[in-house]
Amino acid sequence: MKILKWLSVADRFYKIYLDKQLAPFGINSSQHMFLIKICDSPGVLQDSLMDIFYVHPSNIVRTIAALEKQGLITRVPNDQDKRTWKLYPTDRALSVLEEIRAVCAKTESLLLQGISETEKDLLTDLLMRAGKNITAELHIERKEEEFDD
């Protein structure tokens, strides 16, 4: 039970910390990774975010709507399938992207303070394996490369 407890503690408090750091940009800890992905992959399909971030479609819709309302992304109908949307960053998003990356890097450094590079690599590997275990048990299939992000 120690692992569950400390995963919960780390998750809860890094989100509180990240929320405070990201507030000046008008986003929160549950939105930053979507914005970074959209900035890095302009035109990414909204539906593909489910497979990338392992979240329910309703959470994606809510997050995309919030980012659009903040003026950080735009949605464009997909020419190949009008039921889906392509997502693009706005100039505003691109102008703050590096600052958001810096906040994320600072938060990650804080979480990993006092942990060696070897331990960081091991922790990453173990968390990925744990994620694969639980998604397999829940019969959530993902492409292997999606576990690498």
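Is Lys82 buried or exposed? Lys82 counts as exposed, at 59% relative accessibility. This residue returns in one of the close-up views below, which are taken from a predicted model.

**View 1. A nonpolar patch lies on the surface.** The patch is formed by Met1, Ile3, Leu4, Leu7, Leu123 and Leu127. Together these residues have about 680 Å² of accessible area. Two helices, α1 (2-22) and α6 (117-137), each supply at least two residues of the patch. Helix α1 gives the most, with three residues. Ile3, a member of the patch, is placed in α1. Its relative accessible area is 64%, so Ile3 is exposed, the cut-off for that word being over 50%.

**View 2. Tyr54 has a positive phi.** Tyr54 sits in the loop between α3 (48-53) and α4 (57-69). The phi of this residue is near 60°. Most residues other than glycine have a negative phi. Tyr54 is a residue other than glycine, yet its value is positive. With 29% relative accessibility, Tyr54 counts as partly exposed, a class that lies between the limits of 20% and 50%.

**View 3. Helices α2 and α4 pack against each other.** Helix α2 covers residues 32-40. The angle between α2 and α4 is about 70°, and their axes are 10 Å apart. The two helices are therefore roughly perpendicular, a term that applies to angles from 65 to 115 degrees. On the α2 side, the residues in contact are Phe34, Leu35 and Ile38. They meet Ile60, Thr63, Ile64 and Leu67 in α4.

View 4. Side chains of opposite charge can pair when their charged atoms come close. Asp11 has a relative accessible area of 32% and is partly exposed. Lys15 also counts as partly exposed, at 32% relative accessibility. The count for the model comes to eight salt bridges.

**View 5. Arg75 is joined to Glu68 by a salt bridge.** The closest N and O atoms of Arg75 and Glu68 are 3.2 Å apart. Arg75 is partly exposed, with a relative accessible area of 31%. Glu68, at 31% relative accessibility, counts as partly exposed too.

**View 6. Lys82 and Asp79 meet in a salt bridge.** The distance between their side chains, N to O, is 3.8 Å. Lys82 is the residue from the opening question, exposed at 59% relative accessibility. Asp79 counts as exposed as well, at 60%.

**View 7. Val96 is buried in helix α5.** Helix α5 covers residues 91-111, and Val96 lies in it. The relative accessible area of Val96 is 15%, so this residue is buried, since the limit for buried is under 20%. Which separation is found between the C-alpha atoms of Val96 and Phe25? The two C-alpha atoms are separated by 7.4 Å. Along the chain, Val96 and Phe25 are 71 residues apart.

How values were computed:
Residues are numbered from 1 along each chain as its sequence is written. This is a predicted model: local features need pLDDT of at least 70, side-chain atom pairs count only at pLDDT 80 or more; totals for chains, interfaces and linings use all residues. Side-chain values use heavy atoms; hydrogens and water are left out. Patches are made of residues with over 30% relative accessible area and no salt bridge: like charges are joined within 9 Å, nonpolar side chains (Val, Leu, Ile, Met, Phe, Trp, Tyr) within 5 Å. Accessible areas come from the Shrake-Rupley method with a 1.4 Å probe; for residues, only the protein chains shown count as cover. A salt bridge is a side-chain nitrogen of Lys or Arg within 4 Å of a carboxyl oxygen of Asp or Glu. Helices (H or I, at least four residues) and strands (E, at least two) are DSSP runs, numbered from the N terminus. Buried means under 20% relative accessible area, exposed over 50%, partly exposed in between (1.4 Å probe, protein chains only). Axes are lines fitted to C-alpha atoms, for helices over the stretch in contact, and angles run from 0 to 180 degrees between N-to-C directions. Angles under 35 degrees count as roughly parallel, over 145 as roughly antiparallel, 65 to 115 as roughly perpendicular and the rest as oblique. Contact means heavy atoms within 4.5 Å.
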